[in-house]
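I opened this notebook to keep track of what I looked up, one topic at a time.

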Amino acid sequence: MIRIRTGYDVERVILVYGDPYLAGIAGGAEHWSGERLEMTHCTRLKYQLLWSVVVKPEAKRCKYYFELVSGDETWYYFENDFLTKEQMEQDGRMFQYFIFPWMNAADLTRVPKWVKNVVWYQIFPDRFCNGNPARNPQNVSQWETRTPGRSEVFGGDLEGIMEKIPYLKDLGIGGVYLNPVFLARSNHKYDTIDYEIVDPEFGDNQTLKELIRQLHEAGIRVMMDGVFNHCGFLFAPWQDVLRNGPKSRYYHWFMVNRWPFAKEEFSTRGGQFYSFAFFAGMPKLNTNHPEVASYFIRLCRKWVEEYEVDGIRFDVGNEVSHAFLKQLRLELKRINPDVYLLGEIWHDSISWMRGDEYDSVMNYPFVSSINEFWLDPGADRRELEYAVNRCFSMYQKQQTEILFNLLDSHDTDRLFTRVGENRDIFYQQLVMLLTMPGSPCIYYGTEVALPGGHDPDCRRCMPWEEIASGQHDTSLLFVKTLIGLRKALPACRSMNIRFLYETDNDRLLSYEKEGEDGSRIRVMLNCSQKAQPLAPSGAVVFSNRWDGKVLDRDGFLILRLPGVFLSGQITNGESAKTEKEK
């Protein structure tokens, strides 16, 4: 796939491409001329157009340049400069073409394809389900759906997750993302004491293996949380450093800047050593050090080989060493080429997405884009199109298809609270989540509109009694239906998307999608403060606040469409019509 960004003044882009040696040996006197191919697939960004085309060089190498048309002007874009028609015709010019020298199989970006068909479910173990009260710690709190204290423990465990596997399967979940389960002194377990031992509050190593076995038996994949950027204060190597300082064999496992230092300090803002977010209780691991890298590579090999996990999510994934990640990927992909390596990164992650580190990242820019459109009633629907298109054009196509999309998590406020507990807007945003390309994730409890502000409020206990009494049947049915549609209609998962502007309502969001099987859907979301009369074609497959003629405020409509997807060239920000449409 070859892509180029231009300004909105560019009306056409033609790719001229071919084998570098078509006219003879490079550097000779031969005149090279390639095949012309119009780049008709175009995506609108806020200040640019993104043009793309897929070519298949038969000899695995490619030389190319671009022909840019704007009104009466035509410019030829090479690696070093823009040329005019007259300059193109000058004898003796040594053109600096774009070159893709050779497509080595080992250098191609390969990702686990199964991920794009999975709907994930994130579980914070202590708050999901208490399956074995005998494991409860002494200070356990009563299971209640309320704002928890920052240090409270409620007794959720791995057996509780096993107990709810039928619930997950019925919901349509295809993958479980587990927050950390290994020995730690906090309820969130991101301050690891021992990476080899499952925390007794959750079970033991055998319990974890049995949980993974049962999830796999139910057709559900498993992704573990890898906390390799930092450890807990009680991690044995760190304790050895605190006792022995520079004489410790583990001294260089960490990033100590000054010795000695006051061990009772809560913060590291004084610079005595590096830690996670200046919190002294989570000293930063030196993943540049060969011994640290070897330790965690061995650990991950064990997770993949012995526990048979399907994926690893890397906590604070933008702070561990690139060299470590490259080495780790090689090791794990040798064991299981389909293991899913996911980085927790909240921003543009291109540095980690070159094909030799992460398969994918958590798509927090998507969360932000969705939130800002609904937050600002004055935002035009084009702003959301630009933002969404940016989110899904940052990386290679195969990586975009498995981006980890989410709307809330243990690190954010909950979606239901963020939208002001407006159930209709809550539903609208879930519709967007589950009709976008990528691999969507439901945070435990979001399927029943569980409220909650920022940490620790976003980590409330799962309301099982309320679910059993039927209080959340409406929300559950909604999420089940959406997940079912995503699984049944490949168009929901597709990257082929076209935003439409058929009404004057700047807050009526409308887009069409086409699947690889030719299935087509149209999604319409009325985000305005007024009802919108509509006469859409197609079969209604799912709707809310739609009476057959009018889509009420905060309503949505999903249609299944017949025919072929009408893709076309984009000119000055508008969809070009096909001859049939004209």
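The entries below take the helix pair and then the pocket.

**Entry 1, the helix pair.** I noted at the outset that this is a predicted model. I then looked up how helix α13, residues 423-434, sits against helix α15, residues 473-488, and found that they pack at an angle of about 20 degrees with their axes 10 Å apart. Angles under 35 degrees count as roughly parallel, so α13 is roughly parallel to α15. I also looked up the hand of the crossing of α13 and α15, which is right-handed.

**Entry 2, the residues that meet.** Which residues in α13 meet α15? I listed R423, Y427, L430, V431, L433 and L434 on the α13 side, and they meet T474, S475, F478, V479, L482, I483 and R486 in α15. When I sorted the residues of this contact by class, they divided into 9 nonpolar, 2 polar and 2 charged.

**Entry 4, what supplies the lining.** I asked which element gives the most to the lining of the largest pocket. The answer is β1, with 4 residues, while β1 (2-6), β6 (62-70), β9 (98-100) and α11 (397-400) each supply at least two residues. By class, I recorded 24 nonpolar, 6 polar and 13 charged residues in the lining of this pocket.

Definitions and conventions
Residues numbered from 1 in each chain as written. Predicted model: local features only at pLDDT ≥ 70, side-chain atom pairs only at ≥ 80, totals over all residues. Heavy atoms only, no water. Axes fitted to C-alpha atoms, helices over the stretch in contact; angles between N-to-C directions. Parallel < 35°, antiparallel > 145°, perpendicular 65-115°, else oblique. Left-handed = near helix turned anticlockwise from the far one by under 90°. Contact = heavy atoms within 4.5 Å. Nonpolar A, V, L, I, M, F, W, Y, C, P; charged D, E, K, R; others polar.
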